[in-house]
Amino acid sequence: MDAARLKQSWSLVAAHGDQVPLYFYSTLFLAHPETRQMFPTNMAGQRDRLVTALGHIVSNVDQVDRLVGFLQDLGADHRKFAVRAEHYPAVGEALLATLQHFLGEQWTDELAQDWAGAYGLVSQVMIEAAQAAEAVNPPWWVAEVIGHERRAFDVAVLTLRPQYLLPFTPGQSIGVSHPSVRSWRYYSPANAPRADGTLELHVRAAPGGAVSSRLVYGSAVGDQIHLAAPVGDRLTLWSAGSADLLLLASGTGWAPVKALVEQVAAEGSRRKVDLYVGARSRTEFYDNDAIDKLASSYPWLTVSYVVGTDLQRPGEFVHAVDRALADGDWRSRHVYVCGSDEMVSYSAAALARAGYHAGQLHHEGLGQHWYGPAWRTAVDQASAPDNSGGSR
């Protein structure tokens, strides 16, 4: 298998942009219509995910150690789409047909053998990982909505009770899907693991977001939703040891930060934790009661609310990180940042300028979700250094 030839051919195909996934899925669905039900009704985002995944695989085809973990995670995760071993040959046929179509006269017997061999290895790793995962976790958990509170027009707090225990670590994300929507969105639970196994999700309805809109506007107590296995470790506390913490949150990025505070409380450690919660206006602080209760319960926790806009200073915006840096020197602490891409990118840049090093900053990778934080992180690490920005 010629890795250089695979990379070169993929770069030629990828240059055709959106036409590539459009041709691939058209070929797949026409030849194997039974596969259509595995995909969402709106395929726009799915087309981007295909190109991103293939690009990552091909770019690392000669770095087996890096690629195997990625493929194992991908294979285990695909169980939630009801993908089975017998579906992989159909995908392989569509992939080879797509490559041949766009490469034209440059498609040779040797190149066809290279791609067939590469896809065979990829599918084998994914299938074996899916089979191994069956012994550990189900493809998804069924959970009942036992609490649904609208905290703002576009924000809801849901309490879920999975049918079986769903193990996770604070700071991780879990896949969430409504049975009526063939799409998955990743959310970080807003709680540390509880004895009763319930989960708290903070959901903001995104424009055009099928899952988030359904959870906020179309769900009620008694409904059932599906949950996928937890992924990601960039926001977990394991790398912080017993260090004191500075936590920066905005919007529903408060959810995983809340889980981290509960974890510190459960550990009974002597960490000092300073929390800065930001919002554009006072009306956007949707979880004040819980924040204030945590602050009053734990003497090691100090909370500061940061309102971004000030009527006395039109045109200016104050970020949580601005207030934190003005209040003190936190360079002996580990810093966790969670919010929008813009908030985290701004915060990471401000902290770097102030002398904070990459090893003490914790956040997810910047960019849109495709499969989830674990795979988005893999792509980020392939193309950028470890100090790249991040958000949830």
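Strand 3 is covered on both faces: I174 and V176 are buried on one side, and G175 and S177 are buried on the other. In a regular strand the side chains alternate between the two faces of the sheet. The model is predicted. The protein chain has 392 residues, of which 49% count as buried, and its secondary structure comes to twelve helices and eleven strands. Among contacts between residues at least 6 apart in sequence, 74% join residues at least 24 apart.

- Six strands make up an open sheet with antiparallel pairing, in the order 4-3-6-1-2-5.
- Strand 4 (185-187) and strand 5 (199-204) are at the edges with a single partner strand each, so one side of each has no neighbour in the sheet.
- On average, neighbouring strands of this sheet are turned by 40° against each other, direction ignored.
- Strand 3 is joined to strand 4 by three bridges, the two running antiparallel; here G175 stands opposite Y186 of strand 4.
- Strand 3 is also joined to strand 6 by two bridges, again antiparallel, and S177 has H226 of strand 6 as its bridge partner.
- Helix 7 (residues 210-217) lies across strand 1 (141-152), strand 2, strand 3 (174-177), strand 4, strand 5 and strand 6 (224-227). Helix 7 runs at about 110° to strand 5.

- A second open sheet has five strands in the order 9-8-7-10-11, and its pairing is parallel.
- Its edge strands are strand 9 (301-307) and strand 11 (361-362), each of which pairs on one side only.
- Strand 10 (residues 334-338) pairs with strand 11 in the parallel sense over two bridges; V335 has L361 in strand 11 as its bridge partner.
- Helix 8 (residues 254-267) lies across strand 7 (245-250), strand 8 (273-279), strand 9 and strand 10, and runs at about 150° to strand 7.
- Helix 9 (residues 288-297) lies across strand 8 and strand 9, at about 150° to strand 9.

**Helix 2**

- Helix 2 (residues 19-31) has 13 residues and spans 18 Å from its first C-alpha to its last, close to the 18 Å expected at 1.5 Å a residue.
- Its buried residues are V20, P21, F24, Y25, L28 and F29.
- Seen down the axis of helix 2, these buried residues fall within an arc of 145°, so they line one face of the helix.
- An α-helix has 3.6 residues a turn, so residues three or four places apart point the same way.

**Nonpolar cores**

- The largest nonpolar core has 33 residues, and those with the most contacts inside it are W10, V13, L28, L71, L99 and W115.
- Two or more residues of this core come from each of helix 1 (3-14), helix 2, helix 3 (44-59), helix 4 (64-77), helix 5 (88-103) and helix 6 (109-134).
- Leaving aside residues up to four places away in sequence, L71 touches I57, V122, V125 and M126.
- Another core, of 26 residues, lies apart from the largest one; V257, Y286, I291 and L301 are among its residues.

Technical notes: Residues are numbered from 1 along each chain as its sequence is written. This is a predicted model: local features need pLDDT of at least 70, side-chain atom pairs count only at pLDDT 80 or more; totals for chains, interfaces and linings use all residues. Side-chain values use heavy atoms; hydrogens and water are left out. Two strands pair if DSSP finds at least two bridges between them. Helices (H or I, at least four residues) and strands (E, at least two) are DSSP runs, numbered from the N terminus. Axes are lines fitted to C-alpha atoms, for helices over the stretch in contact, and angles run from 0 to 180 degrees between N-to-C directions. Contact means heavy atoms within 4.5 Å. The expected span of a helix is 1.5 Å times one less than its number of residues. Buried means under 20% relative accessible area, exposed over 50%, partly exposed in between (1.4 Å probe, protein chains only). The arc is that of the directions from the helix axis to the C-beta atoms. A nonpolar core is a set of buried Ala, Val, Leu, Ile, Met, Phe, Trp, Tyr and Cys residues joined through side-chain atoms within 4.5 Å.
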